[in-house]
Amino acid sequence: MEKPRKLYVKTYGCQMNVYDSERMGEVLGGQGYIATENPADADMILLNTCHIREKAAEKVYSELGKLKPLKDANPDLKIGVAGCVAQAEGEEIMRRQPLVDLVVGPQSYHRLPQLEAATRAGQKALDTDFPAEDKFDHMDARPKARRAPAAFLTVQEGCDKFCAFCVVPYTRGAEVSRPATRILQEARELVDRGVREITLLGQNVNAYHGAGPNGADMSLAGLIWELDKIDGLERIRFTTSHPNDMADDLIEAHGSCAKLMPYLHLPVQSGSDRILKRMNRSHSAQSYLDLIDRIRAARPDILISGDFIVGFPEETDADFEDTMALIRKVRYGQAFSFKYSTRPGTPAAERAQVDPDVASDRLYRLQELLSQQQAEIQNDMVGRTVNVMFEKTGRLPGQMVGKSDYLHAVHVAGAEGQVAVGDIRAVKIISSGRNSLAGELV
Ligand code: 5AD
Ligand code: SF4
């Protein structure tokens, strides 16, 4: 038998890329590749890239430059660029960096076997089409190895919202939902192999409207209720959501579906109506706050997480203060915040930019406030008993680490031997650290 070739994949950016990287590994598994953690060992290196913020392409070029010695040492090594930078700048990358053998955009991963074969035949391969078929329908089933207890499952891709700052509608294309039957089948396969928690992924996951078993469209809540029926699946999460797609049935599910975890990532980006309008968000600060109230009425203990952009073109001090005021009202348990970065080709790129020092100051203040809220909410957990699903051993001997229902990392000393990976156990929280909690089994 031929010796298996080795594949090294480096993943940047969002969880969807993590899922895609896994699936690419599986597809190339069908071509005789096995995974390696060591790039120096690899016969193929794939960079799965992210284009969301500044210097994305520069980072890819610098990463590719670092691979030169490996290519010199092993002329058979094939180097590929996948993901959103590949989609946006694939041809340019091929031109500028002769090291690159293969460029593949996110919608074409099912064509990797042909692309890989072309590189083996000494050709350069580039595919950044938006094919009509669903790539996942054409990708091999997952391998049968036992998996980690938590898995991602992409249910929807692309976005039709066209926020004025965002490249996603251009790199990932229009919004497409996968059929519910396929998703449920994949979920059952995951559970058969030991998965107990599934996070449904989509750029606009709550806009999900895939074909249900009877042909009629199914909402995300409908899909969640179908997943709820799968024995052995204990936890369901989803990300990322848009406020305007937070349907009543989904809010209701947060109150009544025990497997749906009390955590919601609901980006607002800004608290200023003037800026929200310029961002093309089509919701106001108040409508977002009202929505949060309704979600909390359904599930009072839900942990809300958000994304924020400061220094969006024309943002004034008053606009920024509106964002700070909104944050004070919501109380976020977790948040991701960014300085606006100009993305070529997006509408906001043409507008008057905010002084970078002003934007840095704002980001600093905003992050102080968000960290303070995160710390307060973590401190509120101390003394409470929460369910934790254990995912791995910790850094200290005997320690096990897992995630609470609220997605907090929880460390439990001396738990090794008492709990196994995948166990869900009640844990009493005894202290709160910077980014995690510590607890003891009850
Ligand atoms: N500049 C800064 N942040 C951005 N995001 C998306 N595009 C930009 C940009 N051009 C942020 C948004 C989004 C998150 C994934 O990344 O907050 O929700
Ligand atoms: Fe980008 Fe807005 Fe779509 Fe989110 S909703 S992916 S920020 S365009």
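Visitor: What should I know about the model and its numbering?

Guide: This is a predicted model, in which local features need pLDDT of at least 70 and side-chain atom pairs count only at pLDDT 80 or more, while totals for chains, interfaces and linings use all residues. Residues are numbered from 1 along each chain as its sequence is written, chains are lettered from A and ligands numbered from 1 in the order in which they are written, and side-chain values use heavy atoms, with hydrogens and water left out.

Visitor: Which residues are around ligand 1?

Guide: A residue is near a molecule or strand if one of its heavy atoms lies within 4 Å of it. Here the residues around ligand 1 are Ile52, Arg53, Phe165, Gln269, Asp307, Ile309, Phe338, Lys339, Tyr340, Ser341 and Arg343. β15 (303-310) and β16 (334-339) each contribute at least two residues to this shell; helices (H or I, at least four residues) and strands (E, at least two) are DSSP runs, numbered from the N terminus.

Visitor: How is the shell around ligand 1 divided by residue class?

Guide: Ala, Val, Leu, Ile, Met, Phe, Trp, Tyr, Cys and Pro count as nonpolar, Asp, Glu, Lys and Arg as charged, and the others, Gly among them, as polar. On that scheme the shell around ligand 1 has five nonpolar, two polar and four charged residues.

Visitor: Which atom of Gln269 lies 2.6 Å from an oxygen atom of ligand 1?

Guide: A polar contact is a pair of N or O atoms within 3.5 Å; within protein, one must be able to donate a hydrogen and the other to accept it, and residues adjacent in sequence count only if both atoms are side-chain atoms. For Gln269 the atom is a polar side-chain atom. Phe165 instead places a backbone N or O atom 3.0 Å from a nitrogen atom of ligand 1, and a polar backbone atom of Ser341 is 2.8 Å from a nitrogen atom of the ligand. Ligand 1 taken alone exposes 400 Å², of which the protein buries 87%; accessible areas come from the Shrake-Rupley method with a 1.4 Å probe, and for residues only the protein chains shown count as cover.

Visitor: What surrounds ligand 2?

Guide: Its shell includes Cys159, Cys163, Cys166, Phe165, His242 and Arg281. By class, the shell around ligand 2 divides into seven nonpolar, two polar and two charged residues. Phe165 is listed around ligand 1 and around ligand 2.

Visitor: In what order do the six strands of the open sheet run?

Guide: Two strands pair if DSSP finds at least two bridges between them. The order is β2-β1-β3-β4-β5-β6, with parallel pairing. β2 (33-35) and β6 (125-127) are at the edges with a single partner strand each, so one side of each has no neighbour in the sheet. Neighbouring strands are turned by 20° against each other on average, direction ignored. Axes are lines fitted to C-alpha atoms, for helices over the stretch in contact, and angles run from 0 to 180 degrees between N-to-C directions.

Visitor: Which strands does helix α4 touch?

Guide: Contact means heavy atoms within 4.5 Å. Helix α4 (residues 83-96) packs on the sheet and touches β3 (44-49), β4, β5 and β6, its direction making about 140° with that of β5. Helix α5 (residues 112-120) lies across β1 (5-11), β2, β3, β4, β5 and β6, at about 165° to β5.

Visitor: What is the order of the open sheet of three strands?

Guide: The order is β7-β10-β13, and the pairing is parallel. β7 (150-154) and β13 are the edge strands, each pairing on one side only. The twist averages 25° from one strand to the next. Strand β10 (residues 197-201) is joined to β13 by five bridges, and Leu200 has Phe238 as its bridge partner in β13.

Visitor: Where is the cis peptide bond?

Guide: The bond from Thr239 to Thr240 is cis, with omega near 5°. Thr240 is in the loop between β13 (235-239) and α9 (248-256). As another backbone feature, Phe162 has a positive phi of about 50° although it is not a glycine.
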